[in-house]
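Please read the report below alongside the sequence and the 3D structure. It covers confidence, the chain interface and one ligand shell.

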Amino acid sequence: MVNVKIDNIDLSVEEGTTILEAAKKLGIYIPHLCYLKGINEISACKVCVVEIQGKNKLVTACSTAVSEGMVIFTNSAKVRSVRKSNVELILSQHDCLCATCVRSGNCPLQTLAGHLGIYDLPFERHVTEQAWDNNFPLIRDSKKCIKCMRCLQICSKVQGCDIWDVQNTGAYTNISTVDNMPISNTKCTLCGQCITHCPTGALKERNDLPEIYDILADPNKVTVVQIAPAVRTAWLERKDMEPGIDTEGRLVAALKRMGFDYVLDTVFAADVTIMEEGTELLERLSDNKKMPMFTSCCPGWVSYLTMNHPEMLLNLSTTKSPQQIFGALVKTYFAKKTGVAPENICSISIMPCVSKKREAALASMKASGYQDVDYVLTTREMVRLLRAEHIDPRGLQEMPFDSPIGDGTGAGVLFGVTGGVMEAALRTAYKVVTGEEAPEDAFQKVRDTRSEGRDNAINLGGIRTADFDIAGRTLKTCVVSGLKNAERLIKQIKRGEAHYDFVEVMACPGGCVGGGGQPIHEGCEWAPQRGQRLYNLDKKRKLRRSHENPQVQKLYKDFLEKPLSEKAEKLLHTQHVWEKNYR
Amino acid sequence: MSRLKVETPDRVQLTVEKLYKDLERHIIASPPGLCPVDLQLSFLKVCQAQTCGKCVPCRVGLLQLQHLLEDVLNGKATMKTLDLIEQTAKNIEASADCAIGYEAAHMLVAGFDGFREDYEHHVKEGCCSVHAQHAIPCVALCPAQVDIPGYVALVGEKRYADAVRLIRKDNPFPTACAMICEHPCEARCRRSMVDVSINIRGLKLMAVEHAHANTVPIPEKCASTGKKVAIIGGGPSGLSAAYYLELMGHHAVVFEEKKKLGGMLRYGIPNYRFPRERLDEDLEVILSTGVEVHLNTRIGEEEGEITLESLNKEYDAVYIAIGAHNDKKIGIEGENAQGVISAVELLKRIGDDDMPDFKGKDVVVIGGGNVAMDCTRSAIRLGARKVGIAYRRRQEDMTALPEEIEGAIAEGAELYGLKSPHHIEADENGKVVALWVEPQIIGPIDAWGRARPIHAEVPLMRIPCDVIVVAIGQGIDSKAFEDAGISLKRGAIAAAMTGEVENADGIFAGGDCATGPATVIKAIAAGKVAAANIDEYLGYKHIISCDVQIPEPDLAEKLPCGKVQLAEKEVGARKNNFQPMEICMSEQEACQEAGRCLRCDKFGFSALKGGRRLRW
Ligand SMILES: Cc1cc2nc3c(=O)[nH]c(=O)nc-3n(C[C@H](O)[C@H](O)[C@H](O)COP(=O)(O)OP(=O)(O)OC[C@H]3O[C@@H](n4cnc5c(N)ncnc54)[C@H](O)[C@@H]3O)c2cc1C
Ligand code: SF4
Ligand code: SF4
Ligand code: SF4
Ligand code: SF4
Ligand code: SF4
């Protein structure tokens with residue numbers, strides 16, 4: 001233990017603790033911008049500077065460990081002056097148009113400038129303008145980039161994608177894509193982790209709301225919206241909302257209030273996914289070909305594999321993602337059942353995900369004869385829509401999802417959390433193989449139950465393995481989240497060091513609950529608590545196995561016949577290839 | 001009224017003078033990998049501040065050039081802008097009155113010649129073509145990429161054995177490098193920005209003086225792979241490769257033509273700089289990995305020699321590290337006279353303890369490199385009455401390290417600068433009696449800034465002597481390998497940067513035999529690179545790492561402080577014997593010196609990119 005004094009308060013902390021963490025223990029907040037624990041500890045912004053008694057030079061609290069007898073001042077006159085000056089310098093190269101910025105109100109830079117009382121700048125403002133392809137689902141606004149390097153680090157250290165690089169030297173130093181390539185030529189998976197870890201509005205998703213407004217205003221269009229599992233855990237993460245308001249029922253009601261005609265549930269499609277993917281797995285197991293089988297519900301992961309390991313494409317399940325299964329069914333089965341002409345349907349999905357924007361626009365995603373999903377909104381875009389409509393969820397009456405494809409089981413709900421697809425698949429596979437039902441909670445081994453160390457993206461994801469005995473056969477499973485972890489696993493498989501039957505991969509650390517389209521909370525990861533909410537929802541559902549879903553059973557009876565039928569193959573499966581085009 | 005006054009610089013001028021010095025040091029420590037156009041702009045601004053403002057091309061032209069360069073950097077330039085820059089610079093060069101203007105413009109023109117591609121990259125791609133690579137300046141310049149800030153900090157904490165272990169991760173010759181490395185790592189040490197570079201080699205010496213290499217055991221070896229690698233040449237390069245290959249689990253078998261291992265470490269570098277018993281410490285450790293050695297075994301095509309072909313058949317891979325051991329002939333009349341000896345021959349005899357008797361003789365050494373200085377100082381130690389150095393350029397043009405030249409002069413050597421050897425005079429018995437030299441004057445400076453000597457219009461000069469040592473460089477004895485089908489490039493074995501030899505599967509080469517005579521650390525680096533790539537070639541990916549915990553940087557203020565230099569024994573005590581002459585620093589000095597290190601592994605760019613390489 002090391003004894004220190006911070007702002008005149010004595011404290012004893014473990015050796016190696018940084019000044020920033022030590023101060024936090026005393027409830028003293030030291031502001032910082034570039035620091036991202038375990039990922040970006042480069043002490044570049046120099047906002048977290050503190051003064052140490054007897055030292056002339058200030059030190060950065062984020063990167064300096066305490067030492068015995070250290071006397072630290074976090075807010076001395078010198079600290080205040082330096083800190084303010086550095087933020088002023090950052091702002092002198094920042095396009096401070098908060099009024100039109102997606103991050104306004106949730107922006108560490110804005111907050112900091114406010115706290116430091118910076119109301120006018122002593123420096124002339126010069127912002128960097130770099131060209132960008134604004135059709136790409138990931139948008140970078142160079143004018144708002146403060147060169148903190150977080151994007152570069154998370155993309156490299158957590159996702160192993162290395163899309164960003166430092167360009168030029170000296171005062172001309174910039175962030176750009178590697179070799180300044182157009183973003184659409186890079187191997188960006190659109191996981192969106194750089195967006196959710198950027199401290200400013202420099203990175204964001206393409207804004208598709210203007211089109212949505214037009215469609216909502218068009219009397220000839222029937223709008224059908226689907227909501228991904230992870231969205232319901234995160235749509236109301238607002239400080240001014242008392243807990244318990246953000247129910248599924250109120251989310252449905254809110255969307256109805258905005259004017260969407262049908263509000264349906266992607267969880268239903270997740271149940272269908274299980275029927276298809278589970279059957280596919282059992283088929284592959286029986287002839288032991290193309291093993292291990294990889295899940296294919298995460299387009300971030302699918303694009304990663306197609307771009308980086310095309311030789312392993314056959315290992316991917318051919319089952320489409322729930323979003324696309326839903327899309328294919330909306331303009332066929334749903335249209336038939338409701339009598340709405342498919343050409344009048346506008347199919348919209350609300351996703352925790354940026355990658356799904358690209359997936360929906362792939363040329364191969366037109367199984368219904370139309371573009372199966374017309375628009376994809378992220379959770380953040382949906383929240384903005386809610387704000388724009390001035391809807392107060394507290395005043396809403398709960399409403400059920402519309403039918404006939406609106407209900408999903410607890411198994412489908414789990415799709416939003418790492419390990420969830422695996423758990424759902426096992427519940428159904430057990431029944432198909434043995435003819436008997438396993439208890440719903442028999443497969444919890446695949447869950448990430450760590451109570452500590454999940455507070456930053458680098459530790460949030462992981463590789464977990466579990467073996468299950470089903471009818472005398474051992475099923476070897478593996479669950480991965482975070483693409484760098486996925487790469488590690490691929491290496492192990494290629495080297496013959498790891499052997500699995502079924503592997504679930506989600507690109508985002510912790511799964512879609514930590515998706516790149518989810519609301520942003522500076523400096524903390526909300527995936528664990530959102531995942532817990534999905535577990536609770538599952539627990540509360542009456543039906544918790546996909547094959548028990550009566551609407552799914554009806555779908556097969558009336559329309560698809562059986563999993564992997566010719567029709568199911570045509571609508572719900574795809575041969576994954578890498579397509580570069582996007583909307 | 002007074003008419004004149006004695007000019008003394010005022011406070012402003014004194015301050016500016018100091019800033020010039022600061023800037024000089026800043027430039028010395030300038031890391032590689034900076035945007036050349038941005039640098040060019042900065043230089044231009046300095047020049048522009050120097051103009052007196054009289055002439056149009058200088059006053060206006062330089063300013064306009066500055067704007068144009070800013071356009072290039074801001075992505076506003078077109079290819080036309082580049083033409084305009086070049087033309088304007090040439091016009092300024094042709095018309096400015098004084099050197100301030102035309103030399104400034106000339107720098108720009110020279111830059112255009114040197115890195116036009118980068119200008120074009122800025123215009124076409126909107127960014128610089130160069131990538132910042134200035135992670136840790138000293139490590140970047142060490143050919144073997146030894147973890148310098150790491151072991152400097154360890155020495156500062158008196159953890160000498162840990163320092164040796166850390167060095168060994170990248171270099172199995174810590175003792176050799178502590179004593180005779182030419183320390184390229186110090187050249188751009190960032191500490192120069194504060195005062196002057198860290199004495200990196202001196203701190204390494206501190207480590208091996210307090211933890212002799214043979215007292216620090218090797219790390220655990222990987223499981224045996226059953227693969228066998230033949231290594232031709234038992235010098236630093238071959239032995240470095242052998243050491244790492246053994247650690248990786250391959251069996252290394254070294255073939256050495258001489259009686260003992262060490263290559264030029266034993267048969268070149270004299271004992272007073274690198275004592276043999278200290279060399280043996282490094283060798284002992286390397287051999288403790290299990291390296292198999294065949295001495296007095298030459299690889300070649302002659303009788304009694306083992307052929308490359310047979311090695312290639314018998315072993316899974318071959319590493320050629322035969323160094324450069326041929327003497328170069330000077331090609332003047334009388335060269336074959338009795339008493340003319342090559343540097344290689346002289347130093348080899350000394351290495352085998354077969355000391356020539358120079359007592360009472362006058363010796364002249366021809367050459368100006370480090371080898372010439374070694375010969376000079378060895379000749380003094382062999383009892384010569386007088387030793388002279390004949391060199392066709394000036395002292396400052398010598399390629400030898402300044403401290404070596406000064407050391408030789410201090411020990412009494414006579415320097416004959418600007419004297420080009422003309423012919424050798426022998427007596428009726430064919431014995432040398434004098435070297436005739438042709439005096440030179442220093443002449444024009446070539447494109448690389450080196451002044452060329454030209455013929456002086458004076459008679460030849462006679463330097464009487466009994467022995468002449470020719471130290472004008474070494475060649476590579478590559479004939480046998482050429483005959484065995486290995487491609488050569490200007491006499492050297494044609495090896496790629498990865499050590500692979502062109503068109504020869506499984507054969508690698510490195511060290512002096514691939515680069516021409518160079519340095520020990522370059523030879524070691526080549527051995528390390530070869531080991532890694534042979535490992536890959538054999539289908540493995542073994543990792544070499546070191547688990548030594550490196551101290552966190554202290555927060556002490558980095559106030560300017562002098563550099564601790566190593567002392568030498570006084571001249572009288574050292575010049576009559578081959579005993580080591582350098583004196584290690586004290587603990588007090590070492591702690592102060594280590595404390596000067598700015599820890600570029602933790603601060604600066606390496607916090608973002610690179611930093612430390614824990615394994616390879
Ligand atoms: C006098 C002198 C002083 C020097 N001082 C310094 C210094 O202070 N600092 C510094 O960094 N560098 C110095 N150098 C350079 C340095 O010694 C060499 O660059 C370095 O030793 C090269 O290593 P190497 O392993 O490539 O070759 P070498 O050290 O030359 O080793 C090659 C080995 O291969 C053997 N060999 C050759 N042919 C065959 C064959 N056909 N079959 C079997 N074995 C063979 C040789 O006998 C030799 O042992 C000096 C060199 C000389 C000559
Ligand atoms: S990034 Fe933050 S500070 Fe910058 S414009 Fe957006 S809200 Fe304002
Ligand atoms: S884009 Fe965002 S995360 Fe990346 S360097 Fe700029 S401000 Fe930081
Ligand atoms: S979206 Fe993901 S893959 Fe693309 S640049 Fe951002 S972090 Fe990297
Ligand atoms: S993990 Fe979920 S949110 Fe992230 S890319 Fe995959 S599907 Fe999208
Ligand atoms: S200050 Fe230290 S780390 Fe930096 S270049 Fe010099 S020796 Fe290396």
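## Confidence

pLDDT is the predictor's confidence in each residue, from 0 to 100. This is a predicted model: local features need pLDDT of at least 70, side-chain atom pairs count only at pLDDT 80 or more, and totals for chains, interfaces and linings use all residues. Residues are numbered from 1 along each chain as its sequence is written, chains are lettered from A and ligands numbered from 1 in the order written, and side-chain values use heavy atoms, without hydrogens and water.

Chain B has a mean pLDDT of 93, with 99% of its residues at 70 or more. Among its elements (DSSP runs numbered from the N terminus: helices, H or I, at least four residues; strands, E, at least two), helix 11 (residues 236-247) of chain B has the highest mean, 98. Strand 5 (residues 326-327) of chain B has the lowest, 88. The complex gets an ipTM of 0.72 and a pTM of 0.83 from the predictor.

## Interface of chains A and B

Chain A and chain B each give 21 residues to the contact (heavy atoms within 4.5 Å). Between them they bury about 1,600 Å², 57% of it on carbon and sulfur atoms. Buried area is the accessible area (1.4 Å probe) lost on being put together, summed over both parts. B:Leu555, B:Glu557 and B:Leu608 supply 36% of what chain B buries against chain A, more than any other three residues.

There are zero salt bridges between chain B and chain A (side-chain nitrogen of Lys or Arg within 4 Å of a carboxyl oxygen of Asp or Glu).

## Ligand 3

Of the 13 residues around ligand 3, A:Cys145, A:Cys148, A:Met149, A:Cys151 and A:Cys198 come nearest (a heavy atom within 4 Å counts as near).

Technical notes
Buried area is the accessible area (1.4 Å probe) that two parts lose on being put together, summed over both.
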